[in-house]
Amino acid sequence: MTIDTLRLTAEEAKNLLERKEISGSELFAAYAERDDDLNAYLHRCEDPGGDGIPLAVKDVIGTKGIPTTAGSKILENYVPVCDATVIANAKRHGLRTLGKTNTDEFAMGSSTENSAYGPSRNPWDPTRVPGGSGGGSAAAVSGGLAPWALGSDTGGSIKQPAALCGQVGLRPTYGTVSRFGVVAFASSLDQVGPVAKTVRDCAYLYSIISGRDENDSTTVDVPAVEIPAAEDLKGLRIGVPKEMNHVEGVEPGVTELVDKAIALAESLGAEVDECSLPLSVDYGMPCYYLVAPAEASSNLARYDGVRYGLRVDGDDFREMVMRTRDAGFGDEPKRRIMIGTYALSSGYYDAYYATAQKVRTVIKREHDAVFEKFDVIVSPTSPSVAFPFGAKAADPLAMYLCDVFTIPSCLAGLPGLNIPVGLSEGLPVGLQLIGPQFAENTLFRMGYALERAIGFDFVPERLR
Amino acid sequence: MSWEAVIGLEIHVQLKTETKMFCRCRNGFGGEPNSQVCPVCLAFPGALPVPNRRAIEETVKLGLALDCEIAERAVFHRKNYFYPDNPKAYQISQYDEPLCANGRLAVPTENGEIVIGIHRAHLEEDAAKNVHVAASGRIHGATATLVDFNRCGTPLVEIVTEPDIHDAETAKRFLQLLRQTVVELGLSDAELEKGSMRFDVNVSVRPEGSDELRTRTELKNMNSFNFAAKGIEREIARQIRVYEEGGTVEQETLHFDPTQEDSPPLRSKEEAQDYRYFPEPDLVPVQPPPDLVDRMRGEIGELPGARIRRIADTLSFYDADVLVTGGLDRLWSDVVAAGAEPKEAANVLANQFVAAGIDPGAVDAGELAKLVSARAEIPRAAFDEALAHAGDAGFSAAPYLEQKVVADASELDPVIDRVIESNAAQAEQYRSGKQGLLGFFVGQVMKETGGKADPRVVNERVREKLG
């Protein structure tokens with residue numbers, strides 16, 4: 001039988017495999033043979049055999065024996081000696097790695113334009129970005145190059161590309177998915193999560209990768225994952241933060257589709273009311289751009305050319321390290337290393353890093369208070385639909401604003417789900433659902449009911 | 001003007017846990033270079049630290065032994081710096097929320113005790129070992145550096161004292177007492193030669209009676225208690241000289257080399273590092289539960305300081321100190337309990353026994369007691385030989401005790417006469433006032449009798465015959 005990789009969900013693939021209507025190798029080949037004209041992959045893998053579902057993996061996630069570059073020249077030749085815990089978990093379920101997907105360098109960016117290996121293209125419009133940093137994973141799933149994928153999210157790197165490519169993406173609660181083996185960007189924010197075509201696929205992949213890991217002390221026991229099936233939203237209390245909806249800077253087409261989705265939720269039985277996160281939205285961005293670069297400045301200091309990765313020789317140790325880092329890091333990591341180093345420096349620590357941590361606590365409390373009254377809060381995932389290449393690349397601040405709605409809940413350690421809610425001028429619009437800690441099941445329930453009610457076609461129009 | 005020294009100590013002790021601080025690599029001295037390594041301690045991308053429970057427990061135990069407050073919540077921080085022995089480019093250490101703080105260690109002295117405040121004791125990971133390849137083996141003049149990561153990530157406790165020490169002797173005695181405490185708690189071998197105990201010394205001086213704290217210098221990389229004392233004395237003298245000549249002491253780190261006249265600076269204040277400490281986001285705070293703290297408290301026996309004070313009631317303070325800090329006092333107690341005279345037993349243990357380098361744990365106290373009690377009745381040579389074997393398995397004092405010393409004057413007199421006769425010139429000198437030659441004659445007689453003569457009787461008889 002012919003396999004329509006654009007349309008086949010992981011759940012359907014699993015059923016076909018179980019009923020032996022297709023073989024594992026046929027399924028893998030269907031994806032592997034598809035031309036990657038999106039530059040979604042940095043590296044594609046041979047079929048390791050078996051009859052599990054194929055999986056695309058963001059290139060910040062370490063894969064034993066398979067190059068893992070994090071989108072950076074400094075790790076161009078790096079091949080991990082062990083699998084990340086999420087990969088070990090995936091392998092235990094038979095999942096087979098199709099390839100490593102493109103990412104902004106060290107997951108720093110919102111368009112994949114910061115990848116040292118060139119940007120990925122949006123399957124809905126190849127002249128536009130797929131979002132970032134996990135643009136490769138979202139483009140691969142959307143473009144029929146993978147049934148589903150793993151991404152990583154620090155300030156929006158799963159949710160925002162999923163929104164721009166019309167896919168479902170979950171950033172899990174901090175501590176539910178192991179970070180062991182995942183190239184670190186900002187340790188207190190990084191989380192691995194699934195990108196999928198449907199909410200049910202997303203929930204299933206989350207159930208595979210999540211759980212306490214003895215190799216990551218920040219992980220915890222995770223409530224059993226429920227694959228959603230209910231089509232109503234009775235009793236669900238939905239909060240609409242006024243600072244994140246109907247605000248300046250959001251494209252009218254985005255607002256319109258988000259409003260329609262909220263109205264639909266209400267018609268499915270949910271109670272909808274306005275709520276407020278005044279400090280989180282105003283201070284989330286500056287807070288994030290102190291905490292994340294500070295941690296990054298420390299995490300990226302290990303790339304010195306001594307033990308692995310790129311080495312540019314010099315006359316002595318210092319010179320070798322400086323030359324290696326100068327040649328190996330692109331502009332965005334350099335920018336963030338400098339910002340972060342400054343924020344942690346003696347004399348500035350209290351004004352910047354310590355203050356940002358206090359703000360982070362305020363943001364957490366503000367979310368806690370809202371979740372006393374609501375089960376889920378909603379907003380646009382991205383203020384805009386996919387933008388053309390180069391539109392924001394020269395202006396870091398404009399690029400940073402892509403994540404204005406995704407960042408606050410990341411700082412609070414909360415789970416967030418993107419679901420596509422329609423097309424604005426032919427490009428997907430995403431709705432962001434945020435829940436309290438460990439409320440993934442609630443997000444899946446709401447996401448699934450809306451997905452059924454909206455009936456969004458996740459296959460890009462030009463490829464149908 | 002008279003001056004007072006102000007001295008603070010920073011001591012690093014390597015814990016002898018099975019595995020490293022944040023990974024499962026073996027924690028052990030030796031091994032082929034870079035054979036005890038993994039992605040975590042080599043800082044591969046994505047590697048994460050997981051704290052060693054035993055190391056935390058042992059640090060709590062040490063904190064209790066040093067009378068510290070044990071934190072209900074302690075935090076690991078990252079200390080960021082670039083150096084080839086530091087592969088993550090940060091060391092996981094503790095900063096403003098250490099496991100143990102505000103303790104004290106009382107150093108017994110002949111006249112009471114000197115209480116030294118313990119500012120803090122915290123847990124961190126050790127760096128790798130840089131092997132500087134140069135003819136001298138020292139940092140100065142090295143031409144290349146090799147890195148052995150076996151030590152990288154091994155657990156290290158850092159103990160910081162308050163600046164409560166005012167002379168080199170007290171610093172030395174504090175260090176000896178601390179070392180013995182750590183060894184007895186079973187935390188570490190604390191062997192200076194192997195680097196499992198290391199210390200840095202901060203020294204400043206001020207006019208006697210003042211309470212100001214002047215600029216201090218740091219002496220790094222001491223690897224012997226005597227060198228530390230010598231280095232401190234030298235640095236105190238240097239600083240006093242600088243002030244008396246109207247100069248100022250610069251804040252700097254000095255590299256102590258006992259073979260050199262002075263300590264060359266390693267780095268000055270201008271090069272002082274900004275470590276950009278921040279809480280380690282890969283770890284959660286450590287919260288030692290009360291039952292753990294109680295359990296650790298229960299594992300602490302009578303501490304060395306207390307034993308010195310107790311034993312000094314029976315023996316001299318000096319003997320008590322030597323026995324306890326030498327790890328010999330338990331054997332001494334056992335030997336005395338088996339019937340040896342306390343002072344005699346202390347002398348034997350503190351002198352000949354230590355010199356023979358025997359493991360006190362391997363000795364049968366009953367047999368040693370017999371030997372100590374018979375010390376005056378058997379020839380010196382037999383006693384020394386017996387002591388050398390006291391640590392052997394199945395050692396028995398009996399064969400040595402059969403060799404009796406010759407104390408009978410009628411047996412010794414002919415030998416003494418012969419010695420005087422054949423050394424007539426010396427005998428003449430002695431008689432004309434050179435009394436120091438007495439030892440010469442006694443020695444000759446001992447030699448003639450193969451060491452079996454009783455030196456006291458020989459002494460007496462020689463004096464009589466020459467007199």
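Predicted model: local features only at pLDDT ≥ 70, side-chain atom pairs only at ≥ 80, totals over all residues.
Visitor: What makes two strands count as paired?

Guide: Two strands pair if DSSP finds at least two bridges between them. One of the residues involved is Arg78(B), whose bridge partner in β14(B) is Phe278(B).

Visitor: Why are β4 (90-94) and β14 (278-279) of chain B said to stand at the edges?

Guide: The open sheet has three strands in the order β4-β3-β14 (chain B), with antiparallel pairing. Both β4 and β14 of chain B have a single partner strand, so one side of each is left without a neighbour in the sheet.

Visitor: How do you know that the span of helix α2 (residues 168-184) of chain B agrees with what it should be?

Guide: At 1.5 Å a residue, the 17 residues of this helix should span 24 Å, and because its end C-alpha atoms are 24 Å apart, the two values agree. After α2(B) comes Gly186(B), with a positive phi near 80°.

Visitor: Why is α2(B) called largely enclosed by the rest of the structure?

Guide: A residue is buried if 20 or more other C-beta atoms lie within 10 Å of its own, and 12 of the 17 residues of α2(B) are buried, which is why the helix is described in this way. Among them are Phe174(B), Leu177(B) and Leu178(B), and also Lys172(B), Arg173(B) and Arg179(B).

Visitor: What makes up the contact between chain A and chain B?

Guide: The contact takes 35 residues from chain A and 24 residues from chain B. On the side of chain A that touches chain B, α8(A) gives the most, with three residues, and by class that side has 17 nonpolar, 11 polar and seven charged residues.

Note on methods: Residues numbered from 1 in each chain as written. Chains lettered and ligands numbered in written order. Contact = placed C-beta atoms within 7 Å. Helix = DSSP H or I, 4+ residues; strand = E, 2+ residues; numbered from the N terminus. Nonpolar A, V, L, I, M, F, W, Y, C, P; charged D, E, K, R; others polar. Expected span 1.5 Å × (residues − 1).
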